[in-house]
Amino acid sequence: PAVATSAAVIGIWRQSVMLRTTIGGPELAPLRFVQTIGHQFITAIWPAHTAPMYPTARVIELDVAAFAAVALWIALGVVAWRAGARLVLAGLISFGLLMLPVSNLIPMYFPLQDRYLSLPLTGLALAFAAALDRGKSSQAGAIVGSVVVLALGIRTMQYAAVWQSEQRLWGHAASTQPDADYAWLK
């Protein structure tokens, strides 16, 4: 009876908080969250190997880079807070808040998609612009900021060329994410 009661309570709790249970169960929610936030933060910093579709199991595979990215995001927030860079901090916090709906804590059809970064990028753009504004007296900061914007602009042009048709888009997705079954299906 105690096991049945515990199972019923856990079932009700899962439904009431709507934790995603389809990939790894509720006990892997922290891992899915860190993997998702880390993946998206890395993709925002430098979009390499991006695709419209990723392997579903990727959000429950331990990826040290994703954990390092989340640690970097938190560290940047702490540095911004200690330096009194309120707009930088606001941008970093808004990235996290805008990622919450697609953080794999609640049920989603596809666990990772690059389009999920659309809104959270505004937070990172705010943080980047505020950081540049704080260092506007520094010529080195202006040069670094310009190089970053130029590099991301060139990367955007590369992806625009690759993704100009549906056939090329899904061909690219299948080549960069060979374990994503849906990419091959498309």
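**Entry 1: ground rules.** I number residues from 1 along each chain as its sequence is written, and side-chain values use heavy atoms, with hydrogens and water left out. Since the model is predicted, I take local features at pLDDT of at least 70 and count side-chain atom pairs at pLDDT 80 or more, while totals for chains, interfaces and linings use all residues.

**Entry 2: overall make-up.** I looked up the secondary structure and found eight helices and zero strands, where helices (H or I, at least four residues) and strands (E, at least two) are DSSP runs numbered from the N terminus. Along the sequence the pattern reads α-α-α-α-α-α-α-α. Of the 186 residues, 37% count as buried; buried means under 20% relative accessible area, exposed over 50%, and partly exposed in between, with a 1.4 Å probe and protein chains only. I then turned to contacts, meaning heavy atoms within 4.5 Å: among those between residues at least 6 apart in sequence, 71% join residues at least 24 apart.

Entry 3: Helix 4, residues 86-99, has 14 residues and reaches 20 Å from its first C-alpha to its last, close to the 20 Å expected, the expected span being 1.5 Å times one less than the number of residues. Its buried residues are Val88, Leu89, Gly91, Leu92, Ser94, Phe95, Gly96 and Met99, and what covers them includes helix 2 (29-45), helix 3 (64-83) and helix 5 (120-134).

Which residues have the most contacts inside the largest nonpolar core? They are Trp73, Val88 and Phe95, in a core of 29 residues; a nonpolar core is a set of buried Ala, Val, Leu, Ile, Met, Phe, Trp, Tyr and Cys residues joined through side-chain atoms within 4.5 Å. Helix 2, helix 3, helix 4, helix 5 and helix 7 (166-176) each supply at least two residues of this core, and the largest share, five residues, comes from helix 4.

Entry 4: In helix 7, I noted Leu169, Trp170, His172, Ala173 and Ala174 as buried, and the cover over the buried residues of helix 7 includes helix 6 and helix 8. Gln177 is found in the loop between helix 7 and helix 8 (181-185). Is Gln177 buried or exposed? Gln177 counts as buried because its relative accessible area is 8%. Not counting residues up to four places away in sequence, Gln177 touches His49, Ala51, Met53, Tyr54, Pro55, Arg58 and Trp184.

**Entry 5: pockets.** I took a pocket, on a 1 Å grid over the protein atoms alone, as an open set of points where a 1.4 Å probe fits, with protein on both sides within 12 Å along at least five of seven lines; lining residues have an atom within 4 Å of a point. Grid points are joined across faces, edges and corners, and a volume is the space filled by probe spheres set on the points.

The largest pocket has a volume of about 1100 Å³. Its lining holds 40 residues, of which Ala44, Ile45, Leu121, Leu124 and Leu152 lie nearest its centre. Helix 2, helix 3, helix 4, helix 5 and helix 6 (139-162) are the elements that give two or more residues to this lining. By type, the lining divides into 31 nonpolar, five polar and four charged residues, with Ala, Val, Leu, Ile, Met, Phe, Trp, Tyr, Cys and Pro counted as nonpolar, Asp, Glu, Lys and Arg as charged, and the others, Gly among them, as polar.

The second largest pocket has a volume of about 200 Å³. Of the 15 residues that line this pocket, His39, Ile42, Thr43, Arg58 and Asp63 are the closest to its centre. The elements giving two or more residues to this lining are helix 2 and helix 3, and helix 2 gives the largest share, five residues. This lining divides into eight nonpolar, five polar and two charged residues.

**Entry 6: two more residues.** Leu72 lies in helix 3 and counts as partly exposed because its relative accessible area is 41%. Leaving aside neighbours within four places in sequence, Leu72 is in contact with Phe41 and Ile45. Tyr116, in the loop between helix 4 and helix 5, is buried, with a relative accessible area of 13%.
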